[in-house]
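Dear colleague,

I am handing over the structure below and would be glad if you could look through it with the notes that follow it.

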Amino acid sequence: MSTSPTQNDSGLINAVRSAYSSRAKDGASAEYASRVAQSFGYSVEQLKAVPEESHMGLSCGNPTVTATLQPGEVVLDLGSGGGIDIFLAANKVGPEGFTIGLDVSPDMISRARSSAQRRGLFPPHMAFVETSLSETLPIKSNSIDCVLSNCVLNLLPTPAKNIIFQEIWRVLKPGGRVVLDDIIAKQELPPKIKEDLAYYVGCIAGAITVEEYQALMQSAGFFDPLFVDNKADVNVYVTAAEAESNASGCCGAMEPEMKSSGCCGAANANSKPSSGFADQPMSADSQNQIPFKLPEEDLNKFVGKFLRFNLRLWTSYQVYAMKPKTDTIEISSVQDTPLMKWWDAFPAVQETNIPIMQREDLRKKTERKAELRLAIIDVRNLDYAGGHIKGSVQVVAQTFHNNLAGFHESFGTMDDVVFYCGSSSGRAPRCAGWYLDYIAEQKVFPQPRVWILEGGMKGWLKDFKGDDSIEY
């Protein structure tokens with residue numbers, strides 16, 4: 001078995017990213033999403049407790065029910081989508097816990113972050129990070145109490161499935177647990193199904209058998225995983241869409257096999273008719289020609305085309321396993337964040353062309369600070385031993401992005417805003433860039449001049465240590 005994704009596997013991953021990014025932009029009707037969610041174990045109370053935009057009818061179970069999450073725990077959701085399971089997990093782990101959602105789709109991440117911000121939930125305690133599940137996860141080893149996933153791992157190519165179970169084992173604390181809901185094949189799927197990209201994106205062609213699933217988990221170290229058939233009606237993806245469409249009267253007397261396309265799918269009424277792409281197999285001649293973007297059709301059409309006639313071939317399972325406790329592995333501290341890079345929880349900086357203010361120039365300005373509209377911003381955390389520049393304001397980088405509006409309200413009327421950290425090579429340009437991005441997005445005018453201090457505090461101490469420009 002190959003242990004690294006091939007060129008064709010990369011094509012599959014890109015197709016999944018494209019398709020689910022489209023779904024994130026289009027969303028799903030509240031009625032459809034609620035029908036699907038309730039069919040897979042979400043209660044009405046749970047759905048009322050999360051943002052409506054967080055669930056779009058893409059689940060095949062409810063891992064939060066059996067995860068027994070406790071206050072203060074650290075939870076990781078693989079393929080978090082709109083964030084429904086992260087929001088439910090956050091309600092259980094509370095303000096002292098951490099919930100991190102990983103997803104390959106930038107649009108899903110943006111959707112989930114927006115929902116979190118509207119509820120006043122921010123990193124580090126709630127974070128959504130764009131990443132591929134086919135690579136090393138951006139999570140510290142031995143830092144997670146519980147890993148969740150909901151109808152996602154079937155979308156990974158086989159080599160990536162092997163990688164993700166190895167990664168789940170790595171990031172779990174000793175004694176940590178994993179709860180997965182996934183589509184699992186009841187028998188080997190026919191080649192015509194396994195080679196069809198549309199079926200793959202629809203969570204079908206990538207489904208493997210219980211035996212194959214078990215072997216992958218055991219190779220990662222999970223020697224006794226428990227598999228439970230959810231006994232859910234996987235036809236709900238189709239029946240929920242048809243119920244909604246029939247209620248609107250747009251379907252008329254269409255044939256059953258046509259009722260999941262066009263205006264009768266779960267997407268919006270402007271979905272384009274089928275282009276025939278769903279019938280294009282991944283043959284040996286075309287495996288390296290998989291498009292990176294699927295036609296703009298409803299994903300549920302792909303699912304429904306197969307679900308209606310082939311229920312004997314697969315079903316929804318919940319999988320539970322634990323990483324054994326041991327005294328020989330050091331558990332990672334997550335006092336700040338379980339992420340390897342804390343900034344992954346925030347949007348990437350767009351404005352990177354930020355001017356540098358020379359230390360001598362700023363030193364002269366500090367002597368006239370009372371008559372200048374100057375703000376000096378120290379974005380170090382607790383690593384400011386040795387003092388700080390006189391008159392500077394402490395704003396911790398790790399939470400700076402959470403309150404850009406408040407920062408601008410305080411400093412937006414300045415002529416100059418100068419950011420610095422230890423060496424002004426990491427946190428300072430990142431925070432300055434985020435502020436410039438905010439200014440551009442808000443179309444602020446007039447706007448302050450934003451700078452990075454040359455050499456940061458290290459350079460300042462080298463030039464001016466011992467004079468009155470440094471406060472301790």
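S424 lies in the loop between strand 12 (416-420) and helix 15, where helices (H or I, at least four residues) and strands (E, at least two) are DSSP runs, numbered from the N terminus. S424 has a positive phi of about 60° although it is not a glycine, and with a relative accessible area of 11% S424 is buried (buried means under 20% relative accessible area, exposed over 50% and partly exposed in between, with a 1.4 Å probe and protein chains only). N142, in the loop between strand 3 and strand 4 (144-150), likewise is not a glycine and has a positive phi, of about 55°; N142 is buried, at a relative accessible area of 12%.

Please keep in mind that this is a predicted model, in which local features need pLDDT of at least 70 and side-chain atom pairs count only at pLDDT 80 or more, while totals for chains, interfaces and linings use all residues. Residues are numbered from 1 along each chain as its sequence is written, and side-chain values use heavy atoms, with hydrogens and water left out.

Two cis peptide bonds can be listed next. The bond from P123 to P124 is cis, with omega near 10°, and P124 is found in the loop between helix 5 (106-118) and strand 3 (126-130). The bond from F445 to P446 is also cis, with omega near -5°, and P446 belongs to the loop between helix 15 and strand 13 (449-453).

On the helix pair: the axes of helix 14 (residues 404-411) and helix 15 (residues 427-442) come within 11 Å and cross at roughly 85°, the axes being lines fitted to C-alpha atoms, for helices over the stretch in contact, with angles that run from 0 to 180 degrees between N-to-C directions. The two helices are therefore roughly perpendicular to each other (angles of 65 to 115 degrees count as roughly perpendicular, under 35 as roughly parallel, over 145 as roughly antiparallel and the rest as oblique). L404, A405, F407, H408 and F411 in helix 14 meet W434, Y435 and Y438 in helix 15, contact meaning heavy atoms within 4.5 Å. By class, this contact has seven nonpolar, one polar and no charged residues, where Ala, Val, Leu, Ile, Met, Phe, Trp, Tyr, Cys and Pro count as nonpolar, Asp, Glu, Lys and Arg as charged, and the others, Gly among them, as polar.

Turning to the sheet, seven strands form an open sheet in the order 3-2-1-4-5-7-6, with mixed pairing; two strands pair if DSSP finds at least two bridges between them. Strand 3 and strand 6 (226-229) are the edge strands, each pairing on one side only, and neighbouring strands are turned by 15° against each other on average, direction ignored.

Strand 2 (residues 98-103) and strand 3 run parallel and are joined by five bridges, with G101 opposite F128 in strand 3. Helix 5 packs on the sheet, touching strand 2 and strand 3, and its direction makes about 165° with that of strand 3. Six of the six residues of strand 2 are buried, so strand 2 is largely enclosed by the rest of the structure. Both faces of strand 2 are covered, by the count of buried residues: F98, I100 and L102 on one side, and T99, G101 and D103 on the other.

With best regards
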